[in-house]
Amino acid sequence: MRKILVLATLFASLACRAGIRVEWTSPLPDCRVWRCETINASVSFNSSEKVEGLTVESGDLISGTSVISASCVKLNFLSYITGDELLEQYNQCGGRDTVNYKAVRAADMIDGRASVNLEAGQSQPVWMSVKIPFDAAPGRYRGTIRFREGEKEIASLEYSVRVCDRVLPPISTSPFHLDLWQNPYAVARYHGVPLWSREHFERMEPVMKLLADAGQKVVTATIMDRPWNGQTEDPFGPMVTKIKRVDGSWLYDYTIFDKWVEFMSSLGIDGQINCYTLIPWALTFDYFDQATDSKATIYAEPGSAEYESYWGSFIKDFAAHLKTKGWFGKTYIAMDERPEKSMKAALALIKKVEPEFKVALAGNYHESIADDIDDLCIAFGAEYPEGVVGSRRAKGQISTYYTCCAEKFPNTFIASNPLEASWLPLVALSRDVDGYLRWAYNSWTENPVKDARFRSWAAGDCYMVYPDGVSSVRFERLKEGLQDYLKAVILLEEWGRGTKKSAGLEKALKTFTREELEKNGP
């Protein structure tokens, strides 16, 4: 928590060849770090002369006779990604073009290059992560980052970290309800592998494991074709095949759905399954028609006879299938930004067919249906009515918030200050809600490792990580915020709310509002 719990201390001294400049662009925070915590910093290397085969490494960190191994320090070169500027005060939704939105470049992708070649005057950013071991003795540790050209050392930078006698549990065990929507279809397209093949799952594993390690709680599943009208580069397809027999009865094939859920569960994402959706944007619904031996679609308004016929049979059969798999209690029928009238119709049908089915909604707060929404997520710019979150929590219901293209700040766009990502979990704690949702974890653009710009929203809105499980500065900063959230929860539970010890922390949490964040800046 950059504004609340300081994590490490830094001093720096430089030893560089003439014409070389190495400086901290985002230093380690100036305070103590918990054991098992990861802290990050960024460094800029610049040389007035050409450099070939630049490498960077760190030695052990030493505190008296205590040692933190160099293996706990990760140093990676950053790659620049093309994005676009943010113009409107808040809203970044709507068409984007290269005339009205100028290109920007941001060092965001934490790539795996072993070495880089630099032209004279070229800068190369480096991302540094230090994972404090569980058995690290408390104390001030000192280390050195060394830059080499071939075998010759050409620059070095010293730093220190103060370790305290506290242990941070893994953020994967945090109570924070993290819900970043996954797009398996983007992985298949980018790597050119058959959808749902062995190669597809192999390509997805490092991407989704990165998410699991961050504490993701929810599997994003699609139970119909194009629930969002194909708004991304890779439209979401149906994970359940609906077959209308010649006699008019229905048959459902859950093979893909089961494979996807089991795969995500094997990685540790097994707390909840959100199934989109009973109310798509276009209100068109797919199925395979045996009578014509072809794919068919129907248009049906929620509440109509056609709608109830199409979904009623499915809800009943789907619930039975989930119960045989042992998944029913953690599966939610999910909707996204749908009108109150449509939600009422869908809820009425669900309750009539399977009253115990849970429901999720990301969208506006509607008092008339709030009690029926088991997982409710509202926009950053809105507020839950007083007392609602506590009442929902007492009933075992989830209450979270989300950001999307509607918020210029704080956000996770390519042009955003990366520190904004670390604030998002603290906003949840400040508001006393259960977590945070973002609609796109990996809905990649055509060439995500080069250009994040997209036709509809600000660059970076569609994805937070890169193919092959390559992380980003934005995602690592979000993980920092998740660590800070967990530390604050631990301390507030230990100290008690409203006590003298917790006063400073609680006061700081109140600054995580749009107004305060904009006033104070990163």
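1. Grid points are joined across faces, edges and corners, and a volume is the space filled by probe spheres set on the points.

2. The model is a predicted one, in which local features need pLDDT of at least 70 and side-chain atom pairs count only at pLDDT 80 or more, while totals for chains, interfaces and linings use all residues. Residues are numbered from 1 along each chain as its sequence is written, and side-chain values use heavy atoms, with hydrogens and water left out.

3. Strand 4, strand 11, helix 2 (198-213) and helix 8 each give at least two residues to the lining of the second largest pocket, and helix 8 has the largest share, with four residues. Helices (H or I, at least four residues) and strands (E, at least two) are DSSP runs, numbered from the N terminus. By class, this lining divides into eight nonpolar, six polar and six charged residues, where Ala, Val, Leu, Ile, Met, Phe, Trp, Tyr, Cys and Pro count as nonpolar, Asp, Glu, Lys and Arg as charged, and the others, Gly among them, as polar.

4. The largest pocket has about 480 Å³ of space and a lining of 27 residues, with Thr25, Ser26, Ser42, Pro418 and Arg477 nearest its centre. Two or more lining residues come from each of strand 2 (20-26), strand 4 (38-47), strand 8 (73-84), strand 9 (103-110), strand 11 (123-131) and helix 8 (473-495). Strand 4 contributes the most to this lining, four residues, and the classes are 14 nonpolar, eight polar and five charged.

5. At least two lining residues come from each of strand 14 (177-180), strand 18 (272-276), strand 22 (358-362), strand 23 (375-379) and strand 25 (435-438), with strand 22 supplying the largest share, three residues. The lining of the largest cavity has eight nonpolar, three polar and two charged residues.

6. The second largest cavity, with a volume of about 40 Å³, is lined by Arg226, Trp228, Gly230, Gln231, Thr232, Pro235 and Phe236; three of these residues are nonpolar, three polar and one charged.

7. A separate point concerns helix 4 (residues 305-325) and helix 5 (residues 340-353), whose axes come within 10 Å and cross at roughly 45°, which makes helix 4 oblique to helix 5. Axes are lines fitted to C-alpha atoms, for helices over the stretch in contact, and angles run from 0 to 180 degrees between N-to-C directions; angles under 35 degrees count as roughly parallel, over 145 as roughly antiparallel, 65 to 115 as roughly perpendicular and the rest as oblique. In contact (heavy atoms within 4.5 Å), Tyr307, Glu308, Trp311, Gly312, Ile315 and Lys316 of helix 4 meet Ala346, Leu349, Ile350, Lys352 and Val353 of helix 5, and by class this contact has seven nonpolar, one polar and three charged residues.

Terms used:
On a 1 Å grid over the protein atoms alone, a cavity is a set of points where a 1.4 Å probe fits but cannot get out, and a pocket is an open set with protein on both sides within 12 Å along at least five of seven lines; lining residues have an atom within 4 Å of a point.
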